[in-house]
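Please open the model in your viewer and keep the selection panel at hand. The tour below moves from one selection to the next and says what is to be found at each stop.

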Amino acid sequence: MSTYTAVAHTNIALIKYWGKKDPQLIIPYNSSLSLTLDQFYTKTTVTPATTDQFTLDAQPITGPGLTKMTAFLDILRAYAKTDQKLAVTSTNHVPTAAGLASSASGLAALTVAATAALGLNLPKQTLSRLARRGSGSACRSIYGGFVEWQKGQTDEDSYGVPLNPAETTDLDIAMIALVISDTAKTVSSRQGMANTVATSPFYPAFVQRCEADLTAIKAAIAAKDLQQVGEIAEANALKMHATMLAATPPFSYFLPETLQAIAAIQQLRTQGYLCYFTMDAGPNIKIICAASQSQRIAQALKKLLPKVAMVIAKPGPGAKLI
Ligand code: 2P0
């Protein structure tokens, strides 16, 4: 057992995961599909130690943050059949105030580094399953490019699967991350999705439509039809956010500036730019567009939203030891 360092990139879902059929094992109600991005990643070093320790962005973490980490390490230790404690040092590499810090890259990097430090050499499918136990979306960050999280039924068959690279590598796609706000969200995704599943009458309709949206977007990706990809992804994100407005108590991640950004994107579309948006459990917007047009779109958008910082991201790699 020795020290290992891993890097994992964050992913943004085009077909959303929003709800757990099995909260203990993190088995979702529907399959989802994401794009791993090159600009945002977590680097994590894991060393055998006498007690579990966690340092995040140079800050020692104690209390609930450490408890959550230890609980996840216990899952990895049980799999490795060892009691070995671990010291974890993690750094999020997110452009300043991008508001994109993600549990997906964090838990994926941790899974890869910690399983190696516990003496395991696991295939990616097993790494994806284990990462899922830490945070659902992390199972998709084990792979680069487009990744489907096949919902499965059990711990064994719920994991990420990369789309066939032959069908995706020459799709000209980028995401522009718009920094609407970097303040901490008031409703965590975990709380938000549990409340939605338990109370929103729109939730079953969302789950049902996700299956159709997933089939349609995979066909659009294979056909390299970026307009279809954007239309399906944008509509899927809005369906997810609609479930929250119908929950009890109702909640929403939209800020006034989020709506302004959406109006600006719609205006660019009327001017002939091919751009669509998606949005997760926070007020920030990610624009789906062609990589070859991303600079032009960012410049045009800058005129409409002069105060909003933007980062252009392209498809990124899967998690790996470095
Ligand atoms: C997604 N999100 O598919 C969706 C869309 C947010 C909105 O996955 O409870 O941090 O750890 O499994 O993975 C965020 O949820 O939640 C998320 P847990 P996670 O990307």
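Begin by selecting β4 and β8, which pair in the antiparallel sense over 4 bridges; two strands are said to pair if DSSP finds at least two bridges between them. This is a predicted model, in which local features need pLDDT of at least 70 and side-chain atom pairs count only at pLDDT 80 or more, whereas totals for chains, interfaces and linings use all residues. Residues are numbered from 1 along each chain as its sequence is written. Helices (H or I, at least four residues) and strands (E, at least two) are DSSP runs, numbered from the N terminus.

Within this pair, select Ser 32, which stands opposite Trp 149 in β8. Strand β8 (residues 146-150) also pairs with strand β9 (residues 159-162), again in the antiparallel sense and over 4 bridges, and here Val 147 has Pro 162 of β9 as its bridge partner. Of the 5 residues of β8, 4 are buried, that is, 20 or more other C-beta atoms, placed from the backbone, lie within 10 Å of their own.

Next, colour the chain by domain, with domain 1 at 4-168 and domain 2 at 174-313; these bounds come from an automatic or database domain assignment. The centres of the two domains, taken over C-alpha atoms, are separated by 23 Å. Between them, 26 residues of domain 1 are in contact with 33 residues of domain 2, contact being defined by C-beta atoms, placed from the backbone, that lie within 7 Å. On the side of domain 1 that touches domain 2, the elements giving two or more residues are β1 (4-15), β4 (32-49) and α4 (165-168), and β4 supplies the largest share, 6 residues.

Now select the surroundings of the ligand. Which of the 14 residues around the ligand come nearest? They are Ala 13, Tyr 17, Ser 135, Gly 136 and Ser 137, where a residue counts as near if its C-beta atom, placed from the backbone, lies within 6 Å of the molecule. Both domain 1 and domain 2 contribute at least three residues each to this shell.

Of its 86 residues, Ala 108, Met 175, Ile 217 and Ile 287 touch the most other members. Helix α2 (residues 103-117) gives the largest share of this core, 10 residues.

Conventions
Two residues are in contact if their C-beta atoms, placed from the backbone, lie within 7 Å. A residue is buried if 20 or more other C-beta atoms lie within 10 Å of its own, exposed if 12 or fewer, and partly exposed in between; C-beta atoms are placed from the backbone. A nonpolar core is a set of buried Ala, Val, Leu, Ile, Met, Phe, Trp, Tyr and Cys residues joined through C-beta atoms within 7 Å.
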